[in-house]
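Here is a short briefing for a first look. Please have the sequence and the 3D view open as you read.

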Amino acid sequence: MPLFEVETDSHILITWAEDEDAARAVVAEAYPNDEIARLTKRPRDTWVISKGALGLTSTANDPCAIARECLSRSSGDKVNAIRLYRMETGSDLEHARKAIESNMVMGW
């Protein structure tokens, strides 16, 4: 079964489907209010994200580990965790917010 990458206005989904129509149906069922911006059939049956391409090859500077540590030190207070993350990494406010919020969603 082919693997499809479907980008909507709010999400990027990776799903197996028989064809493009079936992939569109998966999106419609999961996110009925989203509009599909791009639908691509992947050339292989696996999805790989290169840590090197994302700049995550060094475990000493793992942004998720830093974000989780900041959340722990702030006892889950998002605003304080963002402030701590900015101090630790020198990141701008938007990057720090994304790092903290994405780790809050993952259940730090």
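Leaving aside its neighbours within four places in sequence, which residues is Ile 12 in contact with? Ile 12 is in contact with Glu 5, Val 6 and Glu 7; contact means heavy atoms within 4.5 Å. This is a predicted model, where local features need pLDDT of at least 70, side-chain atom pairs count only at pLDDT 80 or more, and totals for chains, interfaces and linings use all residues. Residues are numbered from 1 along each chain as its sequence is written, and side-chain values use heavy atoms, with hydrogens and water left out.

**Strands**

- Helices (H or I, at least four residues) and strands (E, at least two) are DSSP runs, numbered from the N terminus.
- Strand E1 covers residues 3-8, and five of its six residues are buried.
- Buried means under 20% relative accessible area, exposed over 50%, and partly exposed in between (1.4 Å probe, protein chains only).
- E1 pairs with strand E2 (residues 12-16) in the antiparallel sense, over five bridges. Two strands pair if DSSP finds at least two bridges between them.
- Three residues lie between E1 and E2, which form a hairpin.
- Glu 5 has Ile 14 in E2 as its bridge partner.
- E1 also pairs with strand E3 (residues 36-41), again antiparallel and over five bridges.
- Leu 39 in E3 stands opposite Val 6.

- Ile 12 sits in strand E2. Ile 12 counts as exposed because its relative accessibility is 56%.
- From C-alpha to C-alpha, Ile 12 and Leu 39 are 9.7 Å apart in space, and they are 27 residues apart in sequence.
- Ser 74 lies in the loop between helix H3 (63-73) and helix H4 (78-89). Its relative accessibility is 7%, so Ser 74 counts as buried.
- Leaving aside neighbours within four places in sequence, Ser 74 is in contact with Asn 80, Ala 81 and Leu 84.

**Nonpolar cores**

- A nonpolar core is a set of buried Ala, Val, Leu, Ile, Met, Phe, Trp, Tyr and Cys residues joined through side-chain atoms within 4.5 Å.
- The largest nonpolar core has 11 residues, among them Ile 66, Leu 71, Ala 81, Ile 82, Leu 84 and Ile 100.
- H3, H4 and helix H5 (93-105) each supply at least two residues of this core.
- A second, separate core has seven residues, including Phe 4, Val 6, Val 27 and Leu 39.
- Not counting residues up to four places away in sequence, Ile 82 touches Leu 93, Ala 96, Arg 97 and Ile 100.
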